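Have your viewer ready, and follow along heading by heading.

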Amino acid sequence: MAATVETDVPARLDRLPWARFHWLVVCALGVTWILDGLEVTMVGSLSGAIAKSPSMHLSSADVGALGSAYVAGAVLGALFFGWLTDRLGRKKLFTITLLVYLTATIASGLSWSFTSLLVFRFITGTGIGGEYAAINATIQELIPARMRGFTDLVINGSYWIGAALGAIGALAALDPAIIPLAYGWRAGFIIGGLIAGIALLLRRFIPESPRWLMTHGRPDEAAAIVTGIETRIGIAMPAHQLKTIRLRTDVKSWFLPGLRALFTRYRRRAVLGITLMSAQAFCYNAIFFTYALVLTKFYQVPSGRIGLYILPFALGNFAGPLLLGRLFDTLGRRIMITATYGISGILMAITGALFAHDALSAASQTAAWTVIFFFASAAASSAYLTVSESFPLEIRAIAIALFYAFGTALGGIIGPILFGALIGSGNRGNVMDGYLLGGGLMLIAAVTEALIGPDSAGKSLEDIAQPLSEMV
């Protein structure tokens, strides 16, 4: 007979009031998105300076290749580290992946040729990709259900805090009065590594996910951690019995059963996850990785002033999840995901047409993208929310990794290369075609969410997707 245990760990985690512990989780783990935003913005804003560096001599296609190498690394890193996250635990992996990122981004700043920079950008991407799987899984499992949507959107949206910091940093890095141009872009990468070092110190105080422990045959450790959190917050043990679930404790790996469930029982959610992730990845990576090239090629903006245009774009992107996030917990996931994807897709197509007819200046083009990505940023964050809460606990990290990898490979690798080529042609009509493609993908995602999206607002993770180890 299978060994089982009855536990109230999920109910105890969901009943917790918001406290300093949750702020620690947000700050120590949410820094991943800030670092990713910093990385992408540095490559985008500093692309002109990198291209002109005596040791680089990059073409527009080379700049696009750097972006694609970073994204390719993120795809492979997500798959490998995501598998390890479900197998070895959340805490081990969100420590290892941050160390990989820290080492590789500092190495990027010390690179001596285009080839070495390409390799280091790839390794940096593997660290960030692994972070996405480990961090999204951990955040979902530690944050109370009633605030999960808002918290997840704001944390994912904090990518744009990093983008804003990157834009400001790029202005300083490209100012010869502050630092020589040959070294400014190198300093930008090294600063990212220093920020990661601070986050690494904070993560020492984040416990292993009790939900991971309880589904991997370690229920006593899970209960002890929850008791410790309750003690830190200062709340008493529940006076009445909370909802419990019965779990098997004799199975150490749910990987193969989980994959079968992913593409059988959860097939519709898999289709939704792929669609949402692919659409947002294409739009974001294609447009943001190459926006500096648009500004320099079509609007003759000096490379040293690119950060001034990236900054409002970044702030609008963070404002979207921050101001719209609570609606995902109140109005519901399906309504808000459909609306944000649909609005951003329509506005993207309109902006593409205006660009093709040369009806926008550099300032008005930036204003248009700021409005579009106010909605698109909330949509993109909701894609991560959807894939990270819609599947069983035992395969949460690898599910996140699979959909992130597929969507990013389809949209993130192809996008920068495609847009780099379209921009390199110098033809506004060709660039408009790329914008129309991105808008169309966002609209397809909106329709898919409206038809098959689950509404998970306020529900326990175990109610959204029954754990594979649960005994019914």
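Leu437 sits in helix α19, which covers residues 428–452; helices here are DSSP runs of H or I with at least four residues, strands are E runs of at least two, and both are numbered from the N terminus. At 39% relative accessibility, Leu437 falls in the partly exposed class. That class lies between buried (under 20% relative accessible area) and exposed (over 50%), with a 1.4 Å probe and protein chains only. Before going on, please note that this is a predicted model, in which local features need pLDDT of at least 70, side-chain atom pairs count only at pLDDT 80 or more, and totals for chains, interfaces and linings use all residues. Residues are numbered from 1 along each chain as its sequence is written, and side-chain values use heavy atoms, with hydrogens and water left out.

Helix α18 (residues 396–424) is the main contributor to the nonpolar patch, giving 4 residues.

## Salt bridges

How many salt bridges does the structure hold? There are 16, each being a side-chain nitrogen of Lys or Arg within 4 Å of a carboxyl oxygen of Asp or Glu. One of them brings Arg428 and Asp358 together at 3.2 Å, N to O. Arg428 belongs to helix α19 and Asp358 to the loop between α16 (333–356) and α17 (362–389), so this pair ties together parts that are 70 residues apart in sequence. Arg428 is buried, with a relative accessible area of 16%. Asp358 also has a phi near 55°, a positive value in a residue other than glycine. For context, most residues other than glycine have a negative phi.

Arg90 pairs with Glu141, their closest N and O atoms being 2.6 Å apart. This pair links distant parts of the chain, with Arg90 in helix α5 (residues 90–109) and Glu141 in helix α6 (residues 114–142), 51 residues apart. Both Arg90 and Glu141 are buried. Elsewhere, the side chains of Arg12 and Asp8 meet at 3.7 Å, N to O. Arg12 counts as buried at 4% relative accessibility, while Asp8 counts as partly exposed at 21%. Asp8 and Arg12 also belong to a salt-bridge network with Arg15 and Glu230.

## The largest pocket

Which residues lie nearest the centre of the largest pocket? They are Trp23, Val26, Thr151, Val154 and Ile155, out of 16 lining residues. Helix α2 supplies the largest share, 6 residues. By class, the lining has 12 nonpolar, 3 polar and 1 charged residues; Ala, Val, Leu, Ile, Met, Phe, Trp, Tyr, Cys and Pro count as nonpolar, Asp, Glu, Lys and Arg as charged, and the others, Gly among them, as polar.

About 310 Å³ of space lies in the largest pocket. On a 1 Å grid over the protein atoms alone, a pocket is an open set of points with protein on both sides within 12 Å along at least five of seven lines, whereas a cavity is a set where a 1.4 Å probe fits but cannot get out; lining residues have an atom within 4 Å of a point. Grid points are joined across faces, edges and corners, and the volume is the space filled by probe spheres set on the points.

## Pairs across the sequence

Glu39, in helix α2, is buried, with a relative accessible area of 2%. Its C-alpha lies 7.9 Å from that of Ala163, although Glu39 and Ala163 are 124 residues apart in sequence. Thr338, in helix α16, is partly exposed at 21%. Thr338 and Ala379 are 41 residues apart in sequence and 8.3 Å apart in space, C-alpha to C-alpha.
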